Amino acid sequence: MGRQGTDFESVHLIIRVIEEKPETKVYEVLTKDEEFLGIIKWHGPWRKYIFFPDDKTMYDSNCMRMLAGFIDDMMEERK
């Protein structure tokens, strides 16, 4: 996963900060063709970042690993 400013990229996905809150951030998840796939944001009841996929989207195991790795990285930053 490469990092350019506030964007994160993998072979097929782009993750970009769309909102900065006082203690958390909201990210949009896009394809390389800039198609919207969902958002990653803080979910207070679980005290974790969660991926909220858009309807009718699908992911292979590589995309899911990349998303999980990104979320793990964001959780480490919060410590």
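This is a predicted model: local features need pLDDT of at least 70, side-chain atom pairs count only at pLDDT 80 or more; totals for chains, interfaces and linings use all residues.

Mentor: Happy to. Let us start with Lys32, which is partly exposed at a relative accessible area of 37%. The side chain of Lys32 meets that of Glu9 in a salt bridge, with 2.6 Å from N to O. Lys32 sits in the loop between strand S4 (25-31) and strand S5 (36-43), while Glu9 belongs to strand S2 (residues 7-9), so this pair ties together parts that are 23 residues apart in sequence. Glu9 is partly exposed as well, with a relative accessibility of 23%. As for the general idea, side chains of opposite charge can pair when their charged atoms come close.

Confidence is lowest in strand S1 (residues 2-4), where the mean is 43, and highest in strand S6 (residues 48-53), where it is 97. Over residues 1-5 pLDDT stays under 50, and for that stretch the model has eleven contacts beyond four places in sequence.

Now back to the charged pairs. How many salt bridges does a search of the whole structure find? It finds three, and the Lys32 and Glu9 pair is one of them.

Next, look at Arg16. Its side chain meets that of Glu28 in a salt bridge, at 3.3 Å from N to O. Here, too, distant parts of the chain are linked: Arg16 is in strand S3 (residues 13-20) and Glu28 in strand S4, twelve residues apart. Are the two partners buried or partly exposed? Arg16 has a relative accessible area of 22% and is partly exposed. Glu28, at 16% relative accessibility, counts as buried, because the cut-off for that class is under 20%.

Arg16 also has a salt bridge with Glu34, where the side chains meet at 3.3 Å, N to O. Glu34 lies in the loop between S4 and S5, and Arg16 in strand S3, so to speak of this pair is again to speak of distant parts of the chain, 18 residues apart. Glu34 counts as partly exposed, with 46% relative accessibility. Through shared partners, the salt bridges join Arg16, Glu28 and Glu34 into one network.

Terms used: Residues are numbered from 1 along each chain as its sequence is written. Side-chain values use heavy atoms; hydrogens and water are left out. pLDDT is the predictor's confidence in each residue, from 0 to 100. Helices (H or I, at least four residues) and strands (E, at least two) are DSSP runs, numbered from the N terminus. Contact means heavy atoms within 4.5 Å. A salt bridge is a side-chain nitrogen of Lys or Arg within 4 Å of a carboxyl oxygen of Asp or Glu. Buried means under 20% relative accessible area, exposed over 50%, partly exposed in between (1.4 Å probe, protein chains only).
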